[in-house]
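Please read the following report beside the sequence and the coordinates.

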Amino acid sequence: MASAVEHEWKKSSSELLILSLLEDQSRHGYEIGRLIDIRSGGALHFHVASLYPLLYRLEKRGWIQGRWVEKAGQRRRRYYRLTPVGQRVLVAKRLQWQDFVGAVGRIAGVEHA
Amino acid sequence: MLDWKLEIRKRLVGSNLKPEREAEILDELSNHMQDRYDDLRVQETTHEEAFRDVIRELDLTDLVSELQPSEDIAPQDLVPEGVPAKGQLLSDFLMDLRYAIRTMWKSPGFTAVAALALALGIGANTAVFTVVNTLLLNPLPVEKISTLAALNTTQKKKTAQLGDLQALSFLNLKDLRGRTRAFRSLAGHSSPMAVTMTYKAEPHRIFMELVTSNYFQALGLHPYLGRFFLPDEDIKPGAAAVAVLGYSAWQNRFGGVSDIVGRTIKLNDTAFTVVGIGPKDFKGLYAVFGPDLWVPSMMAEQVLPSSLQKALTDRTIPLFTGIGRLDTSFALPQAQAEMKIAAATLEDEHPDANQGQDIVVRPLIEAAYGPERQALMFGGAFLMAIVGLVLLIACSNVANLLLARATVRRQEIAVRIALGAGRRRLMRQLLTESILLGLLGGVFGFLFGYGGCQLLSSLRPAEYAQNLADLRIDPAVFGFTFAIALVTGLVFGIVPALRSSRTSVSEVLKEETRTAGRTRGRINMANALLAGQVSISLVLLVVAAMFLRSIQHEYTIDPGYQTKHLALFMLYPGQAGYDQTRTEQFYKQARDRVSSIRGIASFSWASNLPLWGRKETGVVIEGQEQRKKSEAISTVVKTIDLDYFATMGVPFVKGRDFTQDDRDRSAPVAIINDTMAAEYWPNQDPLGKRVQLPHGQNFLQIVGIVKTSNYQTLGEPPQACIFIPLRQNFSDGMILYVRTEQNPSTILASVQDEIHNIDPGLAVEDIRTGTKVIDQALWWSKMAVDLLAVFGLLALALASVGLYGIMAYSVNQRRREIGVRMALGAGQGNVWLLVLRQGMTLVLIGLAVGIALALLVGHALSRFLYGVSGNDLLSLGGASLVLLAVAFVACYLPARSASRVDPLVALRSA
């Protein structure tokens, strides 16, 4: 039951998470997954199975763009960055999210930070 | 690094990725797994545990399905989901625009064909609108035209008929100016009149208008150069010989020299100083024909022909149309009432001149067209309707192309809907594409329209091209073209866009591109559009054919005289300063010299060109009771010399021609036509009876009766006419009529030389052959018919290209079906027939509808046709045949290609 809820929740918010993480700098897939894990204090996990379908979908929509980067002494990795379209989508999604959380908070009586 | 790739590859089985893409994914995922493994190992797990955990996390079902469906869609082409409309309209629009440009760029063939079809339609509309705008909507570039009115005289009983409007006499105008309160200023202008202008010793015939000094100021105009007339230049007759030159006369006759102001030109025999140049677009107050220059009214005696020289002092000579600027506190009806009273006062004060006369006040814009107003209005509306239909065909053509393309793009659109693009959003995107296409067509259409206007301008008769209105491309034309381009984009885009956005995602995604069965609905829509195009083009063709036949008939009208061996030379010795004795001497000299030229059968002098007859009202018949002024006899009056009827080939019914003995000392005589004889002397012999002309002192004895011919327009109803001999009725400007044995153009130069030998200072500019007179009389109708023919053919071309396109497309869609049929034994002939039947059925349906419509339209137009009925079989049949032939070719080509389908290739490729 818990995993079904998490699945639904993830689906609606994960795009926002990924776009947010790519806002300042480009990152590779594993880094994105790990950052989500760390910053959520272990509450959210993204594995290969869930992360890459999402990345590829966002890339296909033109919101993010990946390219291979080789750094000295490291393996070749695919880094993703936000496109201008993605930038605009992120702004919009943030607003939506704020409205949503605010609304839920007001109804559920949870103090909004 | 461990080898993760084997595990990943196992899980990617069935994803049908391209090898390069698969390699990339393998690289990326194995990197990820290695990182994960390394992290787990750092947390002190064993190799086995870490390896197992990593592999357990590797569930690629989601990834495989994510990679599946829309493999071949370029990612950047997708409309992003979730971008809200609020506050994002502009960025959405820009995105749509970019996308539309890319789509158009990707299919240049489609874009070119569609834009060309639209450009032709829009171009035709732009050209016709420019004409309508110049002549009808916005004819006079004067200030606040709505507060300007034109004043004319009319007989009280006939006020309803505008054709009977006459000018005001100078003295009446002067009295009105002193009495009006409704008009802040009241000016007057004559109609354009021919004068001889001599500049650098070369005589030219040009058109001049006499105006009161406040004319330009009343119209709110400003000179392009120099100044207009001053009030004190219009007080003393003959005192101020100054002239304002029209802009185009300055450009065309003086090469636009900058120091024109202050130069001297000679008008007739008087030197005038040019004081200014009129505004650029201003060519007088008649929308169609304007003067080359303006002269103050006080110079009337110096520039007018002898018959009008007393215009400033004689209250019976109508010369000026009044132009009034309404005072702000008055409206037109009040001005009309005021003028009615003023007319009554004038009638009381000067009953001889003004009996039974009223003053008509009309808005200037109405007066601007003269008596041709109705014909022009109708012609304008009619041509707009015609080009509107041409544009409609172009639109339905492009709509068809879009519908056909929509089938190809269904998959793309379905994917976009699946990815969350809203229907409304999608429609907006598709409409952006079609409007962009419309605007592209608009740009080229504007260029076509501009070219069309240039072409139309170049078709104006060269003799007075500069006096005719210039077609103006002004902001209104820009606005019009832009608006129709926009509307066009919407019209042809909306149906395909609606249909496309209604695409059912699941069906389309499952469906493969080759199945054409589901596109029936589209084909039906396309068929309806096609049949519609066929019927509209038929209507246009039939209309063009009917008018073509009508003008052919007009050319066969017998004007009542010969035109094939006729040459005409206009000569105004009076304008060169000749007095009566010298003029008479000149007429005699010219006769002597011309008679020595070989190839001339006979010649004569007459006061008017053929079809330029002048009517006079108030003819008195001796012995009949005095008629009221409103019932006065009105006839054409022509002054002619000996041998006129022989030269023109007009036969005598009775009596004799004028002879050498009919001279100023002998009894005054006249010849009448048989229409006049029948009308005023029914069952009597008019020979020997006497008539008096309106301004004549003597009664003239009728000595001959000739056959009636056309005096004012071709094919006119018979009019009464009185001919009087030149030798008893002096005129200082006459036209030399020459009948030649051969083609008249061969003797034109020799006659001109002989006249030049008599006096190089005489202008012999306006030389015409008889056939040219007829051409000019029919010029307007000919031009209109040419335009109709062009538009009819344009419609036919567009419709047949559309037919060809849709047939070729449908054959392509049915390739597989045709392949199957052929594989099952259908012969080439059967396939050929199948396709041909499909196309020609449509054509025949369109034809049937078209014939019905053409009959209706023909009926409505029948009163504008000459000698052709509104259901003219030849026009209907001819147009139908042409259309059938062209449509057959348009269907034949795709049918032939269908019959050449190789079943093996078709089935394999499908």
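This is a predicted model: local features need pLDDT of at least 70, side-chain atom pairs count only at pLDDT 80 or more; totals for chains, interfaces and linings use all residues.

Residues are numbered from 1 along each chain as its sequence is written, and chains are lettered from A and ligands numbered from 1 in the order in which they are written.

**The two chains**

Helices (H or I, at least four residues) and strands (E, at least two) are taken as DSSP runs and numbered from the N terminus. On that basis chain A has four helices and three strands, and from the N terminus on its elements follow the order α-β-α-α-β-β-α. Chain B has 28 helices and 23 strands. A residue is called buried if 20 or more other C-beta atoms lie within 10 Å of its own, exposed if 12 or fewer, and partly exposed in between, with C-beta atoms placed from the backbone. Of the 113 residues in chain A, 27% are buried, and of the 910 residues in chain B, 42% are buried. Two residues are in contact if their C-beta atoms, placed from the backbone, lie within 7 Å. In chain B, 83% of the contacts between residues at least 6 apart in sequence join residues at least 24 apart, while in chain A residues 24 or more positions apart account for 43% of the contacts with a separation of 6 or more.

**The contact between the chains**

Chain A contributes 23 residues to the contact and chain B contributes 23 residues. On the side of chain A that touches chain B, the elements giving two or more residues are α2 (29-39), α3 (48-61), β3 (77-82) and α4 (84-108) of chain A, and α3(A) gives the most, with ten residues. Sorted by class (Ala, Val, Leu, Ile, Met, Phe, Trp, Tyr, Cys and Pro count as nonpolar, Asp, Glu, Lys and Arg as charged, and the others, Gly among them, as polar), this side of chain A has ten nonpolar, four polar and nine charged residues.

Helix α2 (residues 19-42) of chain B has 24 residues and reaches 34 Å from its first C-alpha to its last, close to the 34 Å expected at 1.5 Å a residue, where the expected span is 1.5 Å times one less than the number of residues. The buried residues of α2(B) are B:Ile25, B:Glu28, B:Leu29, B:Ser30, B:His32, B:Met33, B:Arg36 and B:Tyr37. Their cover includes α2, α3 and β3 of chain A together with α1 (5-11) and α3 (47-57) of chain B. After α2(B) comes B:Glu44, whose phi is positive, near 60°.

| Helix pair | Angle | Axes apart |
|---|---|---|
| α26 (residues 828-861) and α27 (residues 873-899) of chain B | about 155° | 9 Å |
| α19 (residues 580-595) and α22 (residues 748-758) of chain B | about 140° | 10 Å |

Angles under 35 degrees count as roughly parallel, over 145 as roughly antiparallel, 65 to 115 as roughly perpendicular and the rest as oblique. Thus α26(B) is roughly antiparallel to α27(B), whereas α19(B) and α22(B) are oblique to each other. The contact of α26(B) with α27(B) has 18 nonpolar, four polar and one charged residues. In the other pair, B:Phe586, B:Gln589, B:Ala590, B:Arg593 and B:Val594 of α19(B) meet B:Val751, B:Glu754, B:Ile755 and B:Ile758 of α22(B), and these residues divide into six nonpolar, one polar and two charged.

B:Phe492 lies in helix α16 (residues 475-501) of chain B and counts as buried because 30 C-beta neighbours lie inside 10 Å. Leaving aside neighbours within four places in sequence, B:Phe492 is in contact with B:Cys395, B:Val398, B:Ala399, B:Leu402 and B:Ser434.

B:Asp643, although not a glycine, has a positive phi of about 65°; B:Asp643 is placed in the loop between β16 (633-640) and α20 (644-648) of chain B and is partly exposed, with 18 other C-beta atoms within 10 Å. B:Asn683, also not a glycine, has a positive phi of about 60° and is found in the loop between α21 (674-680) and β19 (690-692) of chain B. B:Asn683 counts as exposed, with 5 C-beta neighbours inside 10 Å.

Technical notes: Axes are lines fitted to C-alpha atoms, for helices over the stretch in contact, and angles run from 0 to 180 degrees between N-to-C directions.
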